[in-house]
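Subject: Structure for your review

Dear colleague,

Please find below the structure that I am handing over to you. My notes on what was found in it follow directly after.

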Amino acid sequence: MNSPNVPPTAPVTPPVVGMVGAGQLARMTQQAAIALGIDLRVLANDRDESAAKVIVDTRLGDYRDLDDLREFAKGCDAVTFDHEHVPTEHIRALSADGLAVHPGADALVHAQDKAVMRERLTAIGAPCPAWARVDDLAGVEAFAEEHGWPVVLKAVRGGYDGRGVWMCESPDEAREVLATGVALMAEAFVPFEREVAVLVARSAHGQGVSYPVVETVQQDGICVEVIAPAPNLGEEEAAHAQRIALTIARDLGVTGLLAVEMFVTKSGLVVNELAMRPHNSGHWTIEGARTSQFEQHLRAVLNLPLGSPSMTAPVVVMANLLGGPDPDVYSRYEHVMANDPGIKIHFYGKDVRPGRKIGHVTALGTDLDEVRARAHHAVTCLKGPVDA
């Protein structure tokens, strides 16, 4: 009972973060939001999306519609994204309305538009391949005359997971890509030894932290494995990669997470792609880091002090689970759990289709070969029998 001389305290309301998009990134962000006491709201296209199945405050709407975005954002302390497809002009309009949008339009456009990204990264001195905007075959051939074949053609907007990227060995192949009518840019082919990624976070206060550099393994343009820390990467080179990523985050004005994908070449590191959101290369952090990427992103967009990115084990391997011919993945839980109680399984609530990313597993330990073998065994068993 309140004392008559003490006014009743006002109810404490937790902060509300609105995440545009309801895919697996929003779904995993909900786990971190629960622990932090944050209310997470998502904007979904329909109730069957990954995050919409588990988040109570799900609003239905079209991220391409400004009125839907404005209605969704009412009452949010911060608005962020689980994809980069919201029109840039809509993000500017939300900011003009006085909303805290992270990352803002001036930063996010560098993850939305590859040509804008290359222009800016080149200007700030980040290591990039030779590139040029192209809109006809003559432009591609002129680029190849200077830099050689093959030429990598990329969709300026909208590409992901290997989509929107074409390796052209000849003018005939380039002509086929140009016929699609997609706005394109050309890049010189980079003869890389392997691919790495650096995940950093930056708050509006300017505090920045970097997770350890990881190696990413790609198959058919899709990341199938992440190894933390990247093996056989010297301390000096790893620190250089982290400095590159933190500098990009600062100079682009990023608030939230930034994933910088890089090529390791004989002559040094080359920046390949950027993503300004939780990223596949950081899923290992749920169990493998003191602060998961999802908690870190929430801290950053709410301008809270950032958490420790240090690892919880000497070696962490995350393996993506792609759908196989048998959709009954749950019937294979028992074997995986019984065989390795230390394996952590994450499913995204998606219908199983061959080749579709439906979840991931994480293994932790001290020996890289042993940890990789455990992760691979788990995803192989969960995927199920392969058609003969």
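In this predicted model, the largest nonpolar core comprises 43 residues, and those with the most contacts inside it are Val20, Ile248, Leu258 and Leu274. Helix α8 (residues 235-252) supplies the largest share of this core, namely seven residues. As general background, nonpolar side chains in soluble globular proteins tend to be buried together.

Leaving aside its neighbours within four places in sequence, Val20 is in contact with several residues, including Leu43, Tyr63, Leu69, Phe72 and Val86. A second, separate core has 21 residues, and Met19, Ala44, Ala51 and Leu302 are among them. Tyr63, one of the contacts of Val20, also has Arg64 lying over its face, at 5.4 Å from the ring centre.

I turn next to a sheet. Four strands form an open sheet in the order β5-β8-β6-β7, with antiparallel pairing. Its edge strands, β5 (131-134) and β7 (165-168), each pair on one side only. On average, neighbouring strands of this sheet are turned by 25° against each other, direction ignored. Within the sheet, strand β6 (residues 151-155) pairs with β8 in the antiparallel sense over five bridges, and Leu153 stands opposite Ala186 in β8.

Two helices pack on this sheet. Helix α5 (residues 114-124) touches β5, β6 and β8, and its direction makes about 145° with that of β5. Helix α7 (residues 171-178) touches β6, β7 and β8, and its direction makes about 155° with that of β7.

Finally, there are the aromatic rings. The count comes to five aromatic pairs. One of them, formed by Phe192 and Phe263, is stacked, with 4.5 Å centre to centre and 10° between the planes. This pair links distant parts of the chain, 71 residues apart: Phe192 is in the loop between β8 (184-188) and β9 (194-202), and Phe263 is in strand β13 (residues 256-265). Phe192 is partly exposed, with a relative accessible area of 35%, whereas Phe263 counts as buried at 12% relative accessibility.

Tyr333 and Phe347 form a tilted pair, 5.6 Å centre to centre and with 55° between the planes. Tyr333 lies in helix α11 (residues 333-339) and Phe347 in strand β16 (residues 344-347), so this pair ties together parts that are 14 residues apart in sequence. Tyr333 is partly exposed, with a relative accessible area of 25%, while Phe347 counts as buried at 13% relative accessibility. Together with Tyr330, these two residues form one aromatic cluster.

With kind regards

Conventions: Residues numbered from 1 in each chain as written. Predicted model: local features only at pLDDT ≥ 70, side-chain atom pairs only at ≥ 80, totals over all residues. Heavy atoms only, no water. Phe/Tyr/Trp six-rings, centres within 6.5 Å; stacked < 30°, edge-to-face > 60°. Buried < 20%, exposed > 50% of the residue type's maximum accessible area, 1.4 Å probe, protein only. Lys NZ or Arg CZ within 6 Å of the ring centre and 35° of its normal. Core = buried A, V, L, I, M, F, W, Y, C linked by side-chain atoms within 4.5 Å. Contact = heavy atoms within 4.5 Å. Pairing = 2+ DSSP bridges. Axes fitted to C-alpha atoms, helices over the stretch in contact; angles between N-to-C directions.
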